[in-house]
Amino acid sequence: MTGPSGAGARFFVDAWDPAYGASFEAGGGGGPAAPSSAQVDADVELPATDWRAVDVRRDVAAPDVVLLVDGVRRIDASVWTAEDDGGSFPGIAASYAAGVVRCDLERGAAELAGTRVGRGLFTASPSAQDVVAGAIRYPVHRVSGTGELSKLPAAVQGPLTALEVAVSDAVRTDGDLLVVDGPLRSRRNLPRTLGYIKTQHSQYLDGRLTAVVTGLAPGQRCPVFRLGTAWGGYSWYLRLPVAGGAPWAGVVRVECSADLTEAEAIELADLSLVTLPRFASTPYKDPRAPQNLIPIAGLERRLRGMLGDARLLHRVLTAAARGIRR
């Protein structure tokens, strides 16, 4: 790549702090430069030949109340079991928490509406038991297969998602718009719910349609399309407020349930365009701006604090293990 005075390829600096990775993942590991194998129906809202940027529609108003839900998880310790037959299984002791921020757009106020904390010992060991040390309990979550250590962190996602659903159900009322930080996964049955994906791992659209996405101005979205994956549903990209940058700067993907009609999905896409940009973060306040929404950033900080002191929990687990062996 040549210097500023040369004629080499242009380059951009990702606005995210490198400690948080990148706002999109390109290269052989799969990212916007690596096509997805998912089947795509691009003709949901507009014929693919007519794709263009969609602006905010004048007759669409933001909802009175928006609920934003997120979860955090942390591995407190890696463990190994000692089986009666001389074998051993790996495991992880993990803490996780979920919470909801209630944003009243009429009053311009946000408040923490509910939180829940869970813990668990994740292992394939048939003999593992709950770990209890005083008021701290790590119930066993038995995983299938041989339970390789590298695959155990993914097992935490199921209980964490269930916790997010439970805390969401406890606080929402009819008409509230629920925004989930991340893919919907098993939460697709929740009404008026959007999945908010701020890091782009895969390129679902062909080059011509992708050009519509990378050409979006702040406050615009692409037409709704449908993904034929195992977690398939309606999806669209929108660009949050951002001052220049790389082609994918400020671009997020939003999704909703495949059980909706096309008209209902388009209605939610329009609603997202008048709602999500107002929560966008700014670079001087958040290292993952603008994609890390302001209420989500505050919620993450609160939830991490609720997980407890990691060093103390590690000592508690170590002491519990020594007590079991005696």
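Student: How many bridges join β3 to strand β4 (residues 109-123)?

Tutor: This is a predicted model, in which local features need pLDDT of at least 70 and side-chain atom pairs count only at pLDDT 80 or more, while totals for chains, interfaces and linings use all residues. Residues are numbered from 1 along each chain as its sequence is written, and side-chain values use heavy atoms, with hydrogens and water left out. Strands (E, at least two residues) and helices (H or I, at least four) are DSSP runs numbered from the N terminus, and two strands pair if DSSP finds at least two bridges between them. The strands β3 and β4 run antiparallel, and the number of bridges that join them is 14.

Student: Which residue in β4 is the bridge partner of Gly99?

Tutor: The hairpin of β3 and β4 has 4 residues between the strands, and in this hairpin Gly108 takes a positive phi near 65 degrees. Within the pairing of the two strands, the partner that Gly99 has in β4 is Thr115.

Student: Which residue in β3 does Trp80 stand opposite?

Tutor: Strand β3 is also joined to strand β2 (residues 65-80), by 15 bridges, and these two strands run antiparallel. In β3, the residue that stands opposite Trp80 is Pro90.

Student: How many of the residues of strand β3 (residues 90-104) are buried?

Tutor: A residue counts as buried under 20% relative accessible area, as exposed over 50% and as partly exposed in between, with a 1.4 Å probe and protein chains only. By that rule strand β3 is mostly covered, the buried part being 14 of its 15 residues.

Student: Which residues touch the most other members of the largest nonpolar core?

Tutor: A nonpolar core is a set of buried Ala, Val, Leu, Ile, Met, Phe, Trp, Tyr and Cys residues joined through side-chain atoms within 4.5 Å. In soluble globular proteins, nonpolar side chains tend to be buried together. The largest core here has 51 residues, and those that touch the most other members are Trp51, Trp236 and Tyr237.

Student: Are the rings of Tyr237 and Trp248 stacked or edge-to-face?

Tutor: Rings of Phe, Tyr and Trp (its six-membered ring) pair if their centres lie within 6.5 Å, and planes under 30 degrees apart count as stacked, over 60 as edge-to-face and the rest as tilted. The count by this rule is 3 aromatic pairs. Because the rings of Tyr237 and Trp248 have their centres 5.6 Å apart and their planes at 75 degrees, the pair is edge-to-face.

Student: How far apart in sequence are the parts that Tyr237 and Trp248 tie together?

Tutor: Tyr237 counts as buried at 1% relative accessibility, and Trp248 counts as buried at 10%. Ring pairs also link these two with Trp51 and Phe225 into a cluster. Tyr237 lies in strand β11 (residues 233-239) and Trp248 in the loop between β11 and β12 (251-257), so the parts are apart in sequence by 11 residues.

Student: How many residues apart are Arg187 and Glu164?

Tutor: A salt bridge is a side-chain nitrogen of Lys or Arg within 4 Å of a carboxyl oxygen of Asp or Glu, and Arg187 and Glu164 meet in one at 1.9 Å, N to O. The pair links distant parts of the chain, with Arg187 in the loop between β8 (177-181) and β9 and Glu164 in helix α2 (residues 157-171), the separation being 23 residues.

Student: Is Arg311 buried or exposed?

Tutor: Arg311 forms a salt bridge with Asp309, the closest N and O atoms being 3.9 Å apart. Asp309 counts as partly exposed at 39% relative accessibility. Arg311 has 63% relative accessibility, so Arg311 counts as exposed.

Student: How many salt bridges does the structure hold?

Tutor: Among the residues involved, Glu45, Arg57, Arg221 and Asp270 are linked in a network of salt bridges. The number of salt bridges in the structure is 14.
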